[in-house]
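I opened a new page to keep track of what I looked up in this structure. The entries follow the order in which I looked.

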Amino acid sequence: MLTTLLQANLEAIENAPVQQEMSISILEMAAKGGWLMIVLLVLSVIAIFIFGKKWFQIGQAGKVDKNFMNDIRDYIHEGKIKSAITLCTKYDTPVARMIETGINRIGRPLGDIQTAVDNVGNAEVARLEKGLPYLAAISGGAPMIGFLGTVIGMVQAFFNMSNAGSNVDITLLSGGIYTAMITTVGGLIVGILAYFAYNFLTAKVSDVVAKMENTTIQFMDLLNEPAEKETEKAEE
């Protein structure tokens, strides 16, 4: 009797339907978010492109040779203006272009030289910051697009409920809920990454600006050295 019961239980277990494990890939999940996920994908590609381009550009702009200003000082003291200009053209950096502008105006009043150098510096900073506003716009706009998807998804869900009447089924709500939740997640991911990328690049630009200002001060002090020496000789 016991053996018969065990065999019956084993047969029941073997014949029982196997529950299939449901799994979903990231691409399938993103597809559930609807057409707004395409918009978020485009924004993420733009953000990655801007970040990579500006990171390389700002990194190159921040490279300054430690001996650059020492060599410039030696050339100017020796009266080798052309050699100083040649040295500046050797480096494709904002600092070198600023100093080159100042050297080309040696002999003019120091105020004019300072203004010319500052104008070049402002133009270089504007060039480094070009594109960053787009990154900032993506960081703020992507979450809003995600929230728009949330609203659209909930509207779709309630619309399906109203059309179903008393025969409300969870499958009628799944499409709207997927759109609502996935677009929100996608928008937040794109927005957060763009936000950190923007602040990172802004900090890098600030470092380059600090180097430019420091070099400008050194250059103007260099131009003041001959005048200071002449004043000391006159006093003696």
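Below are my notes, from the whole chain down to single residues.

**Entry 1: ground rules.** I am working with a predicted model, in which local features need pLDDT of at least 70 and side-chain atom pairs count only at pLDDT 80 or more, while totals for chains, interfaces and linings use all residues. I number residues from 1 along each chain as its sequence is written, and side-chain values use heavy atoms, with hydrogens and water left out.

**Entry 2: the whole chain.** I looked up the elements and found 9 helices and 0 strands (DSSP runs, H or I of at least four residues for helices, E of at least two for strands, numbered from the N terminus). I then looked up burial, where buried means under 20% relative accessible area, exposed over 50%, and partly exposed in between, with a 1.4 Å probe and protein chains only. Buried residues make up 31% of the 236 residues. For contacts (heavy atoms within 4.5 Å), I noted that 78% of those with a separation of 6 or more join residues 24 or more positions apart.

**Entry 3: the core.** Which residues touch the most other members of the largest nonpolar core? They are Phe68, Ile72, Ile99, Ile103, Leu135 and Phe219, out of 40 residues in that core. Here a nonpolar core is a set of buried Ala, Val, Leu, Ile, Met, Phe, Trp, Tyr and Cys residues joined through side-chain atoms within 4.5 Å. Helices 3 to 9 each give two or more residues to this core, and helix 9 gives the largest share, 12 residues.

**Entry 4: helix 4 and its partners.** I checked helix 4 against helix 5 and read an angle of about 160°, with the axes 8 Å apart. Axes are lines fitted to C-alpha atoms, for helices over the stretch in contact, and angles run from 0 to 180 degrees between N-to-C directions. Angles under 35 degrees count as roughly parallel, over 145 as roughly antiparallel, 65 to 115 as roughly perpendicular and the rest as oblique. Helix 4 and helix 5 are therefore roughly antiparallel. Phe68, Asp71, Ile72 and Tyr75 of helix 4 make the contact with Ser83, Ala84, Leu87 and Cys88 of helix 5.

Next I checked helix 4 against helix 6, whose axes come within 12 Å and cross at roughly 15°. That makes the two roughly parallel. From helix 4, Phe68, Met69, Ile72 and Ile76 meet Val95, Ala96, Ile99 and Ile103 of helix 6.

**Entry 5: Gly102.** Is Gly102 buried or exposed? Gly102 has a relative accessible area of 0%, so I wrote it down as buried. Gly102 sits in helix 6. Leaving aside neighbours within four places in sequence, Gly102 is in contact with Ile113, Val117 and Phe219.

**Entry 6: helix 7.** I compared expected and modelled span, the expected one being 1.5 Å times one less than the number of residues. The 20 residues of helix 7 (110-129) should span 28 Å, and the end C-alpha atoms are 28 Å apart, which agrees. Buried residues in helix 7 include Ile113, Val117 and Glu124. Glu124 counts as buried because its relative accessibility is 8%. Beyond its neighbours within four places in sequence, Glu124 is in contact with Pro94, Arg97 and Met212. Just after helix 7, I noted that Gly131 takes a positive phi of about 100°.
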